Amino acid sequence: MTTASVIDQQFERDRPDREGRPMFQLIDPDGALTSVGEQVGVSVDLAQELYTDMVMARRLDKEALALQRQGELSLWLMSWGQEAAQVGSIRALRTTDMVFPSYREHAAALCRGISPADLMRQWKGAAHSGWDPAESRFHIYSLVLGTQTLHATGYAAGAAMERTDEVVATYFGDGAASQGDVNEAFNWAAAGSLPVLFFCQNNQWAISTPTATQMRTPLHVRAAGFGLDAYHVDGNDVMAVHAVTAMAAERIRDGGGPALIEAQTYRFGGHSSSDDPKRYRSDDDVASWDLRDPLRRIDLFLRASGVDEDFFETLTAEADAFAVDVREACKSIGGAPLDDLFDRVYVDEHPLLDQERDAFASHVATTGSEN
Amino acid sequence: MIEFALPDVGEGLTEAEILTWHVGAGDTIRVNDILVEIETAKSVVELPSPSGGTVTALHVDEGRTVDVGTVIISIDDGTGASAVPPATPREADVPAESPETAPDEEKPLVLVGKAPTDAAPRRRRLGARSGGAGAVAPATAGAPALPSVVPGQRVRTKPPVRLLAKQLGVDLSTVVPSSGDVISRGDVEAAASGSAAEVAPADGSSVRETRIPIKGVRKVTAAAMTRSAFTAPHVTEWLTIDMTRTMEMVSRLKADKAWQGVRLTPLVFVARAFLLAIRRFPEINARWDEDAQEIVLQHYVNLGIAAATPRGLIVPNVKDSQDLDLTGLAHAIDGLVQTARAGKTSPQEMSHGTITITNIGALGVDAGTPILNPGEAAILAFGAVRDTPWVVDGQIVIRKVTQLAMSFDHRLVDGALGSHVLAEVGRLLSDPGETFLYV
Amino acid sequence: MATMTLGAAINAGLRKAMEEDDRVLVMGEDVGVLGGVFRVTDGLQKDFAEGRVVDTPLAESGIVGTAIGLALRGYRPVCEIQFDGFVYPAFDQIVSQLAKMRARSGGRLSLPVVIRIPVGGGIGAVEHHSESNEAYFAHTAGLRVVSCSNPDDAFHMIQQAIASDDPVIFYEPKRRYWDKGEVADAPTRGLHDAAVLRAGSDCTLIAHGPTVKTALAAAAAAEEDGFSVGVVDLRSISPLDLPTLQAQAASSGRAVVVHEASTFVSIGSEIAAAVSEACFYELEAPVLRVGAYNMPYPPASVEDDFLPDVDRVLATVDRSLSY
């Protein structure tokens, strides 16, 4: 027995876990219940509701991408493929729970009642944010990766002080999990036992960087190391996502401290409308995930559960009508002129901005505005 | 009618090659049906239709490269004629036939946002700023439109002008800006030409010499005199005249109520006589342009009146004095003299004179050889008017007699001309009635 | 009216603000039990309810990021960054998030966060503890930046900063923490007003924070030599109180800016440009700046040569007078 071998044995359990836990799953990619699903049962009604949400979300996403290709939007980041991860989680929270998203959570946004016009506003270059967080309990999108996890943590600190049973949820991706702010937030929330639900949509890619390059251990393993309850779920199984989120949130409300859910999903499109994913990932990769498409599996599940054709036809018609609304909404978006923005920098009076507002006004009067 | 132009799909697209049309003229299509595949930055993008309807025409052939903004397809969506006629597609410079062999250009890859456009920026025209040295400049962004300092606090002027004032020995607090409230360079120069030479403080009780720096108006005057004296060949002619009749007229008019508001002096009448003589002999009112090798006959008389002021000799002039009647002339001369005495003559008033009178009689002197004001061809000196014995009708009587001395530039004024002019002035002053002949 | 040190004045100001508004929180490293490494938050944690004075984990980005979350919830957090040199990890949260949240939300959201930063050198410290980094934040639209120089200002300005609905970077001159002064019961100025400490007819010194005392000493020395040198305490760096600066510079015809920060692209550069433009016709000399040399803060053994002192200020005033 050498000292080294004693030490080695003592800390064997803490070697990096590169496997992690299996994903929790209720419905398999072909729409059939898994053995766990059969054990606990799955609500067809709930599945229909969530399926509807996902269909609408995907329809909006497709329409928005088309609009971008038609020059109506400057940029669009597709949520295509991540519908189940977003819909399943947000529908499991209370509508009063505050949510801090990143910038791709369009399906979640729709579930919180944010209108297509408001959702597309910043992608048309008309504004930096589209909606009122107070109304939807959904914070404005954050483009700096991971910053929202700290904001959520601070918000949760307030909830903890007030001893409410809120859950503060925050969405971020696999790439963002490498940012300092996200790791500070994990530690901060755990150290303070704050009611934060960290929800990571691991869509396998951070632009062109696969998760294998991004991290050594799975996220749900890392989270536990910080002191967070950790869950691993099939992000493309909307019923599983819903169930895990509901359970995790309940535990947080009971004072169990913060948690992280890692949802495995896939980004079917590129990072954005400017990205060409063919440059870095194979058609096989896409094809393999296509088999696990979140909408397809619920479509199959519902049909197998006896939901009749009417439902699907009606839904398709609604989705088409919704697409027309999305198109019109996009075209109706207009931005505030520059002179409105001088008043939106500070709450209190600011002499320099007052002067600049006047200078701009007289410049426009003599030269005309660019806009 | 929808005229669909090639959009910038956000990859820094400035142009794209039309690869494959998925529709043809006459096809009925729905919104978002794929119209065409285009190639951008070596990747292929499908363009969905912005509208449903019937394809009227395809405007670009497969294989051609066109600029963003080029209309590529017309679709009849049933809403009527489009306001925008389809533009003829512009060929890009890169030959589209062999994209593979074309040099691998750097297309600006913009991951987020649009590619920079080539649109020429509009710009504001220059020269919109307010003029005048004293005017307050318009407020620019960031510059406060703050009120100027209360008068009486600090003098307001530009740094280079402060330096000039220091060099010329001008006390800025005594300078009144000619326009606005900012002292200009011209104001300082004017003040300098009117300032008295400073006397250096004595540095001891038994001082045999006092040194006065050569600067300011002294320096300027010296330079002018030297220039004039050594450029123009001066000739001076004298004429002694009996101007009793003119003097009687001056007294009479001064007592006359009708002329009360007008300051009539003998000088005014000498000036009037001189102007009439100039009218008769206009070649005296000329200048020698050495550079152009021309003599310039000036059809206006800017009559200079040499004035001795506390700050030295200055020569302000009455512009276009040929057009003034007696009253106007009297006022103008009086105004010039008052302003000069107050030291407020502006540079503008001292420039562009054409001919000068110097009233040396006011100093008790009879005559002299005046030096020409640089740039002028003649100068008339008017001496003191004295009671002098004179022959009238064969008798010796006491008359008001004065001497006129006129110097002239012999390059352009010969003896005959000079004499004629002088004689004419003398004639008119001797017998004012002669002016009836000038109508 | 009471006499107290600058540090104690901030303490008193924080206490008063916390008493008057339950939503005011104090947070930072070692601010609770220890009372802050400079004792500025001494005694506060025990006198207020739990959660109002928080010892945070050692993470500056986390301090500002969570403060933003708290502000979104309606609190008025007062963060302490332990030393000027440690604000940089929080730079993104301050510049990208705190400063821009209002503008990017179209005016819907406001973040009434105060970030207190002990600033400046002259205390014989090791590296990263003597920075003057006000220029970075003054340059960032959406922030307000203020700098107190004496106990009275410290007491009133911290309360005014907390009351502001905009994010405020609050600089405290650490070398002056133990300077004593009179503190009036009521404030005599607004948060963004400059203060004319001395009128001067030959030259005006413009200073903030730690260099105000230096400027006053230089002005007193100049008086002995027969020159009338005025001193303006900026108090507010962003926004600048330009009318006061203009009036003083116009009245004396000469201005010299004195700060500890190095001169290149400093706030002195902005003041020189703004004052020159506003007072072009009144100035006898260009607006001069005296600050630290443009090298990273040197070891303590040479910091007295590095920072502007009375001699360097007087030399610059001489230079101004020679124009």
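Me: Is A:Arg344 buried, exposed or partly exposed, and what is its relative accessible area?

Reply: In this predicted model, A:Arg344 has a relative accessible area of 26% and is partly exposed. A residue counts as buried under 20% and as exposed over 50%.

Me: Which side chain does A:Arg344 meet in a salt bridge?

Reply: Side chains of opposite charge can pair when their charged atoms come close. Here A:Arg344 meets A:Asp340, with 3.9 Å from N to O. A:Asp340 is partly exposed too, at 32% relative accessibility.

Me: How should I read the salt bridge of B:Asp409 and B:Arg411?

Reply: Take the distance, then each partner. The N to O distance is 2.8 Å. B:Asp409 is buried, with a relative accessible area of 2%, whereas B:Arg411 is partly exposed, at 29%. Salt bridges can also share partners: A:Arg59, A:Glu63, A:Asp320 and A:Arg327 are joined into one network in this way.

Me: How much area do chain C and chain A bury between them?

Reply: The size of an interface is often given as the accessible area lost when the parts come together. For chain C and chain A the figure is about 3100 Å², with 58% of it on carbon and sulfur atoms. C:Arg73, C:Arg104 and C:Arg108 supply 23% of the area that chain C buries against chain A, more than any other three residues.

Me: How many residues take part in the contact, and from which chains?

Reply: Chain C gives 41 residues and chain A gives 37 residues. Across this interface, 20 residue pairs are in polar contact. On the side of chain C that touches chain A, helix H3 (60–72), helix H4 (91–98) and helix H5 (101–104) each supply at least two residues. H3(C) gives the largest share, ten residues. By kind, the residues of that side of chain C are 14 nonpolar, 17 polar and ten charged.

Key. Residues are numbered from 1 along each chain as its sequence is written. Chains are lettered from A and ligands numbered from 1 in the order in which they are written. This is a predicted model: local features need pLDDT of at least 70, side-chain atom pairs count only at pLDDT 80 or more; totals for chains, interfaces and linings use all residues. Side-chain values use heavy atoms; hydrogens and water are left out. Contact means heavy atoms within 4.5 Å. Buried area is the accessible area (1.4 Å probe) that two parts lose on being put together, summed over both. A polar contact is a pair of N or O atoms within 3.5 Å; within protein, one must be able to donate a hydrogen and the other to accept it, and residues adjacent in sequence count only if both atoms are side-chain atoms. Helices (H or I, at least four residues) and strands (E, at least two) are DSSP runs, numbered from the N terminus. Ala, Val, Leu, Ile, Met, Phe, Trp, Tyr, Cys and Pro count as nonpolar, Asp, Glu, Lys and Arg as charged, and the others, Gly among them, as polar. A salt bridge is a side-chain nitrogen of Lys or Arg within 4 Å of a carboxyl oxygen of Asp or Glu. Buried means under 20% relative accessible area, exposed over 50%, partly exposed in between (1.4 Å probe, protein chains only).
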